[in-house]
Amino acid sequence: RIYPLWLCLHDHSSMPGSLLKDPVYPNLQGNEMYIDIGVYGLPQCVHEKREDDFDMKKSMRKVIAELIKMDGFQMLYADVFNTREEFEEMFEHGKYRELRKKYKADGGTFKEVYDKMSVVGL
């Protein structure tokens with residue numbers, strides 16, 4: 001069964017100071033085309049009360065593992081089902097943490113992006 005799909009092109013370029021890594025295979029202008037794919041809704045087995053046939057966390061972790069192999073990344077508005085280490089494979093945390101330290105946001109008052117988005121312990 002097909003769910004509503006979100007397909008959105010993303011012209012990715014270097015964004016110093018952000019979590020996003022630079023394009024892996026940039027064109028002459030320094031950009032690389034990515035596609036944001038969103039799948040909405042739940043599988044039929046969930047609607048039919050057969051929740052044991054689908055494990056959301058396991059499924060999402062498999063998808064993200066494949067995404068990382070392709071030098072891709074998860075968009076920063078989605079729930080995160082992977083570990084902090086797996087999440088940090090997708091994003092550049094060095095400059096991010098430098099900025100957090102510079103603006104005194106690293107003392108626990110302001111959560112890191114992973115901590116805001118992670119559903120691992122839920």
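This is a predicted model: local features need pLDDT of at least 70, side-chain atom pairs count only at pLDDT 80 or more; totals for chains, interfaces and linings use all residues.
So, which pattern does the protein follow when you read along the sequence? It goes β-β-α-α-α-α-α. That's two strands and five helices.

Let me start with confidence, then. The average pLDDT for the protein is 87, and 96% of the residues come in at 70 or above, that is, at least 70. Strand β1, residues 5-12, is where confidence is highest, with a mean of 91. At the other end, helix α1, residues 44-47, has the lowest, at a mean of 82.

On overall dimensions, the C-alpha trace spans about 50 × 40 × 20 Å along its principal axes. There are 122 residues in the protein, and 26% of them are buried.

How much space lies in the largest pocket? About 1000 Å³. And which elements give two or more residues to its lining? Those are β2, residues 32-39, and α2, residues 56-69. The lining takes in 33 residues, and the ones nearest the pocket's centre are Ile37, Gly38, Val39, Met60 and Val63.

A disulfide would be a covalent bond between the sulfur atoms of two cysteines. How many disulfides does the model have? The count is zero. Take two cysteines, Cys8 and Cys45. Cys8 counts as partly exposed, because its relative accessibility is 29%, and the band for that runs between 20% and 50%. Cys45 is at 10% relative accessibility, so Cys45 counts as buried.

Ser18 sits in the loop between β1 and β2. What does the Ser18 side chain reach at 2.9 Å? That's the backbone oxygen of Met15. A polar atom of the Ser18 side chain also lies 3.2 Å from the backbone nitrogen of Leu20. Is His93 buried or exposed? His93 has a relative accessibility of 6%, so His93 counts as buried. Its side chain reaches the backbone oxygen of Phe91, at 3.3 Å.

Val80 is in the loop between α2 and α3. Why does Val80 count as buried? Because its relative accessibility is 0%, and the cut-off for buried is under 20%. Val80 and Ser118 are 38 residues apart along the chain, yet their C-alpha atoms are separated by 4.5 Å.

Val119 is in the segment after α5, residues 113-117. At 12% relative accessibility, Val119 counts as buried too. And how about Val119 and Lys49? Those two are 70 residues apart along the chain, with 22 Å between their C-alpha atoms.

Definitions and conventions:
Residues are numbered from 1 along each chain as its sequence is written. Side-chain values use heavy atoms; hydrogens and water are left out. pLDDT is the predictor's confidence in each residue, from 0 to 100. Helices (H or I, at least four residues) and strands (E, at least two) are DSSP runs, numbered from the N terminus. A disulfide is a pair of cysteine sulfur atoms within 2.5 Å. Buried means under 20% relative accessible area, exposed over 50%, partly exposed in between (1.4 Å probe, protein chains only). On a 1 Å grid over the protein atoms alone, a cavity is a set of points where a 1.4 Å probe fits but cannot get out, and a pocket is an open set with protein on both sides within 12 Å along at least five of seven lines; lining residues have an atom within 4 Å of a point. Grid points are joined across faces, edges and corners, and a volume is the space filled by probe spheres set on the points. A polar contact is a pair of N or O atoms within 3.5 Å; within protein, one must be able to donate a hydrogen and the other to accept it, and residues adjacent in sequence count only if both atoms are side-chain atoms.
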